[in-house]
Amino acid sequence: MTSRRKFLIAAGGLAGGIGLGFAAGGAQATPDEMREAVRKVTGQAPVRRGRVTLDMPPLIDNSNSVSLSVAVESPMTPADHVKAIHVFTEKNPLPNVVSVYLGPRAGRANIATRVRIADTQTVTAIAEMSDGSFWSGSASVVVTLSACLEEGLI
């Protein structure tokens, strides 16, 4: 039987190892991984610009917790509503940061959350509509103190 102390030491070592992977800078999504993540959501459907407003601070001092809000122009009726909002980043270890599923009873297609941003990059939000169309909006952010890539801080 494992004691609580041994379990906590092992869990701490595992968590530290994961942190080192982020801090080493090698865990960034590639452009191909970003395209593949978007393709998994959209399939072969075209993604049009517009109808989606992504709001983030343009200059980020501490990227451990960055506010992000997405609003989609939609009447949110049973016949015409937003089914999902997906947020993608170019340089985070995993490109698909968050997916939120909505329905007409949501009333408004607005979400707000906080995310971790790895580095200076473009963040893209894609809205999946009930008619099968996809719409997008993006925001460029400049990070002065990176959350996932700082070396020598651990």
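Modeller: Start with the neighbours of Trp135. Leaving out residues up to four places away in sequence, Trp135 touches Val47, Arg48, Arg49, Gly50, Arg51, Val52, Ala125, Ile126, Ala127 and Met129. Keep in mind that this is a predicted model. Trp135 itself lies in strand S9, which covers residues 134-143.

Is Trp135 buried or exposed? Its relative accessibility is 16%. The cut-off for buried is under 20%, so Trp135 counts as buried.

There is a polar link as well. The side chains of Trp135 and Ser133 make a polar contact of 3.1 Å. Ile85 gives another reference point. Ile85 and Trp135 are 50 residues apart along the chain, and their C-alpha atoms are separated by 9.6 Å.

One of the contacts of Trp135 is Val52, and strand S2 spans 52-55. S2 belongs to an open sheet of 3 strands. The order is S2-S4-S7, and the pairing is antiparallel. Which strands stand at the edges? They are S2 and S7 (110-115). Each has a single partner strand, so one side of each is left without a neighbour in the sheet. On average, neighbouring strands here are turned by 15° against each other, direction ignored.

Look next at the pairing of S4 with S7. Strand S4 holds residues 66-72. S4 and S7 run antiparallel and are joined by 6 bridges. For a place to check on screen, find Ala71: it stands opposite Asn110 in S7.

Key
Residues numbered from 1 in each chain as written. Predicted model: local features only at pLDDT ≥ 70, side-chain atom pairs only at ≥ 80, totals over all residues. Heavy atoms only, no water. Helix = DSSP H or I, 4+ residues; strand = E, 2+ residues; numbered from the N terminus. Buried < 20%, exposed > 50% of the residue type's maximum accessible area, 1.4 Å probe, protein only. Contact = heavy atoms within 4.5 Å. Polar contact = N/O pair within 3.5 Å; in protein donor to acceptor, adjacent residues only side chain to side chain. Pairing = 2+ DSSP bridges. Axes fitted to C-alpha atoms, helices over the stretch in contact; angles between N-to-C directions.
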